[in-house]
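Morning, everyone. Have a look at the next slide, and then I'll take you through it.

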Amino acid sequence: MEKKYQIDTAENKAFLKKICDDLLSFGHQFPSPGGSSWYLGDDGTPWKDRNRETWITCRMAHVYSIGTMLGHEGSAELADAALKGLRGELKDVENGGWYAGLTPEGAIVPTKQCYAHAFVILAATSTLLAGRPGAEDLLEDALALYDKRFWEKEEGLACDTWNTEFTVLDTYRGLNANMHSVEAFLAVADAAGKEEYRERAGQIIRRVLGWAKENSWRIPEHYTEDWQPDLEMNKEKPDDQFKPYGATPGHGIEWARLITQWALSTYPEDPEAAKPFIEAAEHLFNRAVEDAWDADGAPGIVYTTDWEGKPCVHDRMHWTLAEAINTSSVLYRATGKQQYADQFAQFMQYLDEKVLDHVNGSWFHQLDRENQVIGTVWPGKSDIYHALQATLIPYSRPDRSIACAIKEAK
């Protein structure tokens with residue numbers, strides 16, 4: 001195994017730094033005139049015939065806030081552009097909250113999504129850490145709206161989707177929005193010192209682990225209105241972009257990282273209290289990798305499996321690899337087990353050989369089971385959030401949100 005794939009080598013640090021720099025350069029063309037993010041194409045050129053999504057705009061505010069703290073030229077202006085969009089054309093001044101996005105013609109994309117609002121919170125914390133004007137007001141507004149519309153205090157979980165006017169709540173409940181809410185809440189606690197949000201993240205985590213343990217560490221993604229798992233949802237449309245059928249191993253991996261971060265930050269002086277949560281994170285990661293990595297005779301992590309761990313959708317999504325790089329490194333830091341360092345190196349080699357676009361930059365966002373680039377679910381390269389974080393989390397404090405860790409390291 002080449003040294004550039006191995007964690008804690010100078011070669012690996014240099015490799016990841018170059019990828020980080022290239023990603024930040026790749027995304028420069030995202031801002032539309034109003035600040036909302038264009039969907040980026042294969043070479044970073046905007047695809048202006050696609051919706052300008054709020055969640056993508058938030059991710060770009062987040063990554064270019066990190067870029068600002070890293071000293072990447074132009075990052076501050078790009079973060080400010082995304083902030084302009086979030087404080088301007090994407091914000092619903094009549095009904096409150098943020099639109100799901102805008103169409104190419106400038107019309108509103110209907111519904112109000114918890115998923116998007118969690119990313120507004122993340123964007124606000126990162127722009128706050130980067131010292132961008134308006135970030136503090138954005139965070140205050142985003143938390144107030146989220147607490148009013150999405151947080152279900154009795155359940156210790158977030159609901160999912162309202163209509164645009166916040167008058168009708170969809171009966172669907174899901175864990176994707178809750179996962180990114182955990183990410184956002186940990187960032188709020190780290191960036192703004194609001195520890196009640198770290199406690200709230202723990203409420204979500206405990207519920208998720210209860211479901212995971214009952215299901216052989218394969219996390220049910222979809223739920224009914226009263227939070228009963230709906231294990232058959234979208235069985236006829238297994239590659240749905242946001243609600244695929246079955247288990248999503250990439251989410252098991254991502255949850256494992258967030259749970260580890262939460263445990264280390266919640267029990268910094270009490271390793272015994274943190275231990276069962278880190279062990280649970282190991283179960284989630286190991287189950288996902290066992291089910292999904294090289295599951296069909298080729299490297300890569302399959303998108304979904306059934307409830308016995310058999311692959312359903314064999315495509316490889318770039319974000320699952322990014323999270324595998326992140327979580328293997330975080331578990332290595334938390335446990336010291338060589339297994340995770342070895343897996344990190346394996347994932348890095350796969351990134352270099354199959355997923356990195358060495359011609360146009362960034363990462364290919366979707367490959368088929370033979371690792372050929374396709375675009376049935378994720379055409380183009382919409383944003384750089386997952387990929388950028390994967391260049392930074394391996395060498396950042398595992399108990400900190402990434403923007404806070406970068407800020408503290410400077």
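This is a predicted model: local features need pLDDT of at least 70, side-chain atom pairs count only at pLDDT 80 or more; totals for chains, interfaces and linings use all residues.

Residues are numbered from 1 along each chain as its sequence is written, and side-chain values use heavy atoms, with hydrogens and water left out.

Confidence. pLDDT is the predictor's confidence in each residue, from 0 to 100. The protein's mean is 98, and 100% of its residues reach 70 or more.

Now the core. A nonpolar core is a set of buried Ala, Val, Leu, Ile, Met, Phe, Trp, Tyr and Cys residues joined through side-chain atoms within 4.5 Å. Buried means under 20% relative accessible area, exposed over 50%, partly exposed in between, with a 1.4 Å probe and protein chains only. The largest core has 130 residues; among those touching the most other members are Tyr64, Trp255 and Trp363. What does Tyr64 contact, beyond its neighbours within four places in sequence? Its partners include Leu23, Phe30, Leu78 and Ile384. Contact means heavy atoms within 4.5 Å.

Next, helix 8, residues 249-266. Helices are DSSP runs of H or I, at least four residues, numbered from the N terminus. Of its 18 residues, 16 are buried.

Last, cysteines. A disulfide is a pair of cysteine sulfur atoms within 2.5 Å. How many are there? The structure holds 0. For Cys114, the nearest cysteine sulfur is that of Cys159, 6.4 Å away. Cys114 is buried, at 0% relative accessible area. Cys312 is partly exposed, at 30%.

Technical notes:
Helices (H or I, at least four residues) and strands (E, at least two) are DSSP runs, numbered from the N terminus. The expected span of a helix is 1.5 Å times one less than its number of residues.
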